[in-house]
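Dear colleague,

Please find below the structure that I am handing over to you. My notes on what was found in it follow directly after.

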Amino acid sequence: MSRLIVISNRVSVPKAAGAAGAQGGLAVALNSALREHRGIWFGWSGQETAEFTGHLDMQRNDDVTTATIDLEPQDIDEYYNGYANRTLWPLFHYRIDLTEYDRNFGEGYERVNERFADSVLPLIEPEDLVWVHDYHLLPLGSILRGKGVKNRMGLFLHTPWPPTRLLASLPFHERLVASMLEYDVIGFQTTEWLESFMHYVQKEMGLKVNLDNSIDYKGRRVVARAFPIGIDYAEFTQAAASDEAGAAYKALKSSVRGRKILIGVDRLDYSKGLGERFEGFARFLSDHPDQAGDAVLLQIAPPSRGDVASYQQIREDLERKTGHINGAHADVNFVPIRYVNRGYPRAQLAGYYRAADIGLVTPLRDGMNLVAKEYVAAQDPEDPGVLILSQFAGAALQLKDALLVNPHSSEHLAETIKRALDMPLEERKRRHSKLLASVREEDVIHWREQFVRALAGKDRNRDAGKEG
Ligand code: ADP
Ligand code: F6P
């Protein structure tokens, strides 16, 4: 079995038991995947250094070997806060209004990708499989090729891939996408993003896509496929069955004194549709005054990317909105929205999910969304809650038995909340058992095995483009 070199912007080492877990789908999924595989996880430490030295900090934690580098403040500003999170992230989430095009960001992005390549190069042995993750590192494979790396290399994109006409607004978009074609495998979360990518290479680059979704480019063959990511089902259900989860469940239930609980768990990101979700809940409260005092929304939203202005803005907007809604609907012994800006250990989170009658997962655009899958996995199959899921989350293509909503419509959200609260036990069980089967079968191990198999070239082109 070949060794895996996993490369991503952020390397999140497992925390001590009881500490708040890694937030973000990529960190959570890779921790699980790497525990199973002999290999190294390379990336940025999250720390800054006055001057870049390329020094590798190697550590072994809980069966995962990590190798990290520190970055200079200018790198962090231009690469992470800049090109990654002020240019590509909004653009890839269809927020062209928030997308900033700044030459310095582009230069910083290329410089840091070079630095990543130089630092990881000595770790790569001839038989290793190299697996690069996400929008921070799209050109890394091509830079490594330029430095003589002949290994099989793959890229998995955790975000959506934008429509061609949106991507065309990015200066030098052709160069960026051409650099991606140096990978052997390019993986997307869903067929929707895959198709969008294929549309781009055909329309903007004039390339021919073969029937098996491979592309012949400069004498090499690149395979593009959908590999929907899942959760670590075994680990998560174990966490959900723990005493810690049980205590969290009881504490939350007793604090709402018989009221129904709706839960949202998201990084504080404008792509997650939190403002629209709050509006939808407020509309439900106004439309159904008879039920208004019976339901509480617990929104857990740890701050994310706080140095970026659009994230500071969404944080302020949500604080204001929560204040307005609670001001209008609260009573002396009741507050409708509990808004919490912190992370929780996974077992505690699982207990909260299980206590919730409704999981509200309503991003405006999301590559996949693992919270939806965690909510399903944490439910009691004999008395499960209802998942309300945005039709614009990648997960909606798999979790078809959720109540799918248009997250932009407060009317639709309010109606769907009402429908979920009134749903009979039999229907809840029927929907949940189908959702659970999908979450259990298409878990993170399945995802990893599928990707690594394609990366190793073992099933080249098999099942090209299918979900799951
Ligand atoms: P994204 O990758 O955009 O953040 P996902 O829904 O795919 O979105 O993944 C989010 C992950 O982060 C989930 O595993 C979720 O449990 C975790 N997470 C989010 N908020 C918290 C929190 N407050 N405490 C602990 N884990 C969290
Ligand atoms: O899953 C999308 C993603 O952007 C990951 O790449 C990232 O690790 C996670 O969300 C959290 O974001 P950040 O690393 O910027 O805190």
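**Overall architecture**

The protein chain has 17 helices and 15 strands, where helices (H or I, at least four residues) and strands (E, at least two) are DSSP runs numbered from the N terminus. Its radius of gyration is 22 Å, close to the 23 Å that the globule rule gives for 468 residues, so the chain is as compact as a globular protein of that length. That radius is taken over C-alpha atoms, and the globule rule is 2.2 Å times the number of residues to the power 0.38.

This is a predicted model, in which local features need pLDDT of at least 70 and side-chain atom pairs count only at pLDDT 80 or more, while totals for chains, interfaces and linings use all residues. Residues are numbered from 1 along each chain as its sequence is written, and chains are lettered from A and ligands numbered from 1 in the order in which they are written.

Along its principal axes, the C-alpha trace spans about 70 × 45 × 40 Å. The chain is divided into domain 1 (4-226) and domain 2 (237-441), with bounds that come from an automatic or database domain assignment. The centres of the two domains, taken over C-alpha atoms, are 30 Å apart.

Of the 468 residues, 49% are buried. A residue counts as buried if 20 or more other C-beta atoms lie within 10 Å of its own, as exposed if 12 or fewer do, and as partly exposed in between, with C-beta atoms placed from the backbone.

**The nonpolar core**

The largest nonpolar core holds 141 residues, and Ile5, Ile7, Leu262, Ala372, Leu387, Ile388 and Leu389 touch the most other members. Helix α2 (residues 73-92) gives the most to this core, with eight residues. Domain 1 and domain 2 each supply at least three residues to this core. Such a core is a set of buried Ala, Val, Leu, Ile, Met, Phe, Trp, Tyr and Cys residues joined through C-beta atoms within 7 Å.

Beyond its neighbours within four places in sequence, isoleucine 5 is in contact with residues including Ile40, Phe42, Val120 and Trp131; a contact requires C-beta atoms, placed from the backbone, to lie within 7 Å.

**The nine-stranded sheet**

Nine strands form an open sheet of mixed pairing, in the order β3-β4-β2-β1-β5-β6-β7-β9-β8. Strands β3 (57-61) and β8 (214-217) stand at the edges with a single partner strand each, so one side of each is left without a neighbour in the sheet. From one strand to the next, the twist averages 20°. Two strands are said to pair if DSSP finds at least two bridges between them.

Strands β2 (residues 39-48) and β4 (residues 64-71) run parallel and are joined by six bridges. Strand β5 (residues 129-133) also pairs with β6 in the parallel sense, over four bridges, and valine 132 has leucine 155 in β6 as its bridge partner.

**Arginine 365**

Arginine 365 lies in the loop between β13 (358-361) and α14 (371-378). The residue is buried, with 20 other C-beta atoms within 10 Å. Not counting residues up to four places away in sequence, arginine 365 touches His93, Tyr94, Pro160, Ser271 and Phe392.

Yours sincerely

Methods: Two residues are in contact if their C-beta atoms, placed from the backbone, lie within 7 Å. Axes are lines fitted to C-alpha atoms, for helices over the stretch in contact, and angles run from 0 to 180 degrees between N-to-C directions.
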